[in-house]
Amino acid sequence: MDGKYVTIGKKAELVFGLFIFALGLICAIYGWKYGPGQLNDIGPGAFPLGLGVALMILSVLCMAEAGHEWPLSRKLSPLAIYLPAIVIWALLIESAGLLLATLALIVVCSFVDDKLSVFKAIILGLVLAAVGYVVFILGFGLPFTLTGRML
Amino acid sequence: MSVVNDLALGFQVALTWQAILICFGGVLLGTFVGVLPGIGALAAISLCLPLTYYMLPVHGLILLAGIFYGAQYGSSTSSILLNIPGTPSAAATCLDGNPMARQGRAGQAMFIVTLSSYFGGMVGIILLVAFAVPLARFALTFGAPEYFAFMLLGLVAASTAAPGSAVKGLAMMVLGLVFGVVGTDVTSGTYRFTLGFIELTDGINLVAMSMGLFGIAEVLSNLAAPPAAPPPKKSYRLRDMLPSRSEARRSVRPAIRGSLIGSWIGALPGTGPAIAAFVAYATEKRVSKTPEIFGTGAPEGIAAPEAANNAAVQAAFIPTLCIGIPGDAVMAFMLGAMIIHGIVPGPNLISQQPELFWGLVASFWVGNLLLLLLTLPMIGLWVRVLAIPRHILYPVIIFLICVGVFSVNSNVFDVYVAVAFGLFGFILTLFRFPVAPILLGYILGPLVEENFRRTLFISDGDFMAFVSSPVSIICLALVVLALVGPLVLAIKRRRLTTVSS
């Protein structure tokens with residue numbers, strides 16, 4: 001899967017700036033809810049409240065800078081493959097064990113480009129699972145198994 | 001004589017076979033990730049943190065520190081051969097290192113760089129040994145207001161001094177402080193930003209967060225960027241790499257100056273090896289009688305920045321170990337690692353745990369010597385590391401991240417946290433937001449809040465307590481300078497562009 005390059009323009013920068021602003025706003029609201037306390041007895045909300053306000057101000061300044069720098073062009077397809085691959089590993093590790101989880105992880109990762117064929121990915125997955133078994137399970141005694149709860 | 005005794009104690013720790021082996025593993029891994037552009041020391045350090053839980057604290061720290069300074073040695077290889085710095089601190093080395101490679105003098109460049117790095121590292125360690133005890137004694141007089149001011153200075157300076165937009169750096173630092181708030185408030189017991197997850201009541205897991213931000217996000221960023229050129233195929237033999245007598249002579253003084261500059265800059269809060277390297281390069285150009293040769297393959301232009309960045313990474317341990325305040329994100333991670341191991345970095349560390357402190361310092365000597373032996377005769381091998389196919393390397397790194405994050409608490413929740421931070425970190429790089437200040441803010445956040453609240457509690461709500469001592473006044477004045485400085489520069493730059501257009 002070869003993805004297209006996406007250019008990050010000024011509009012996207014402004015939208016992301018708004019996202020940071022929203023994070024600041026949420027932080028400030030929750031800070032208020034937690035209780036800012038008094039000057040000689042600062043409550044649990046004072047610090048988040050201050051941080052939220054600071055984040056809102058800084059996000060506005062970031063938005064003012066939007067479009068100043070040369071826009072970057074990046075492929076977004078690796079994102080859509082690698083992150084689900086890790087989630088699949090996490091879903092499988094306890095029930096199916098290190099072997100299947102790792103095979104699934106590497107095979108899904110191989111979809112990112114044509115250089116790693118599924119066959120080679122399976123070989124790589126097997127090698128990693130074997131090394132992982134020796135180093136992490138036998139060596140460090142980490143609490144997961146090679147075949148999970150299936151066997 | 002006490003320094004000699006202290007160092008003897010340190011070498012007793014650092015020269016055990018376990019310590020040497022762990023140190024070797026650390027510097028080897030450090031050099032490996034340093035050579036590879038795009039994968040930084042922080043990713044490797046966070047990957048190895050779970051492994052240190054199975055070691056003695058001093059061994060764990062020797063491993064993590066070894067990765068950090070080992071990465072500096074390796075990072076110049078791709079600067080010289082590919083004109084791409086292995087880590088940001090080797091960016092200055094590209095300026096003259098790559099022209100040397102294009103003239104067929106890559107081997108000589110790597111030889112000079114390795115010896116300068118070793119020299120720089122040694123000077124940094126000597127400074128650390130000389131200043132540790134007096135600085136720790138001075139820091140014993142610090143109270144909550146001084147700690148608050150010092151931490152604020154570290155946070156603001158590190159966020160604004162990094163390359164790129166100062167505002168974006170500050171925004172990320174504040175966001176890091178917010179992430180540091182997540183969990184149970186120590187004073188009141190209130191759950192803050194836990195989103196209903198019981199797993200978040202202890203706060204966000206350090207390993208999950210840093211692996212997401214520096215491991216997953218870096219892999220994604222590398223995959224998303226246009227592919228880099230492969231390294232030139234050439235064999236490197238030690239005999240052919242020896243610099244000429246004139247090249248060697250021209251490198252000596254720049255290496256000495258670079259080491260001194262790097263040691264001082266590295267010890268300051270908010271600076272770091274990248275800034276040290278550029279300052280050393282600029283200084284060298286200024287003092288040179290032939291500044292026009294810089295940028296065309298001058299050995300002075302690689303000896304100075306490499307000595308400086310290696311001196312800076314050793315000197316960066318001074319404020320972290322002696323005051324308990326890290327100067328940059330990697331040092332903040334080291335601080336976090338120490339806290340996890342139950343060590344309280346700060347002025348009492350040297351007196352309460354001398355074996356740990358001096359053992360770590362002595363291991364720097366061992367590590368730098370190992371690096372010298374590891375790098376020079378094996379440059380050919382490190383050049384081959386650059387040729388490892390990315391489509392194999394990245395899935396392997398992702399596998400190690402998965403196992404590493406899961407192993408911390410045997411909990412898949414942490415893996416999901418890493419995925420979330422990986423996604424967030426990747427998006428941040430798309431918009432050119434620096435990621436490192438988040439980690440710095442996250443680790444210092446709870447300490448900053450604690451000292452802020454304590455100061456106001458002791459002074460009965462009087463804000464003047466923050467400016468009650470010369471140390472805090474100087475620090476807060478520097479904070480203002482660090483905030484206003486970039487703003488003035490930006491306005492000046494905008495005015496210049498308006499005038500020229």
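Select B:E300 and B:R250 to begin: their side chains meet in a salt bridge, with N and O 3.1 Å apart. The model you are looking at is predicted. This pair links distant parts of the chain, since B:E300 sits in helix α13 (residues 300-315) of chain B and B:R250 in helix α11 (residues 245-267) of chain B, 50 residues apart. B:E300 has 12% relative accessibility and counts as buried, while B:R250, at 32%, counts as partly exposed.

Stay in chain B and select B:R192 with B:D185. They form a salt bridge whose closest N and O atoms are 3.7 Å apart, and both residues are buried. Over all chains, the structure holds 10 salt bridges.

Next, go to the interface of chain A and chain B, where two salt bridges are found. The side chain of A:E69 meets that of B:K168 in a salt bridge (3.9 Å, N to O). B:K168 lies in helix α8 (residues 166-181) of chain B and A:E69 in the loop between α2 and β4 of chain A, so this pair joins two chains. B:K168 is buried, at 3% relative accessible area, whereas A:E69 is partly exposed at 36%. A:E69 also meets B:R432 in a salt bridge, again 3.9 Å from N to O.

Then count the polar contacts: seven residue pairs between chain A and chain B, both residues at pLDDT 80 or more.

Finish with the nonpolar cores. The largest has 202 residues, and A:Y82, A:W89 and A:L105 have the most contacts inside it. Select A:W89 and look for its contacts beyond four places in sequence: among them are A:L98 and A:L105 in chain A, and B:C402, B:F406 and B:V415 in chain B. A second, separate core has seven residues, including B:I261, B:I265, B:A304 and B:A308.

Conventions:
Residues numbered from 1 in each chain as written. Chains lettered and ligands numbered in written order. Predicted model: local features only at pLDDT ≥ 70, side-chain atom pairs only at ≥ 80, totals over all residues. Heavy atoms only, no water. Core = buried A, V, L, I, M, F, W, Y, C linked by side-chain atoms within 4.5 Å. Buried < 20%, exposed > 50% of the residue type's maximum accessible area, 1.4 Å probe, protein only. Contact = heavy atoms within 4.5 Å. Salt bridge = Lys/Arg side-chain N within 4 Å of Asp/Glu carboxyl O. Polar contact = N/O pair within 3.5 Å; in protein donor to acceptor, adjacent residues only side chain to side chain. Helix = DSSP H or I, 4+ residues; strand = E, 2+ residues; numbered from the N terminus.
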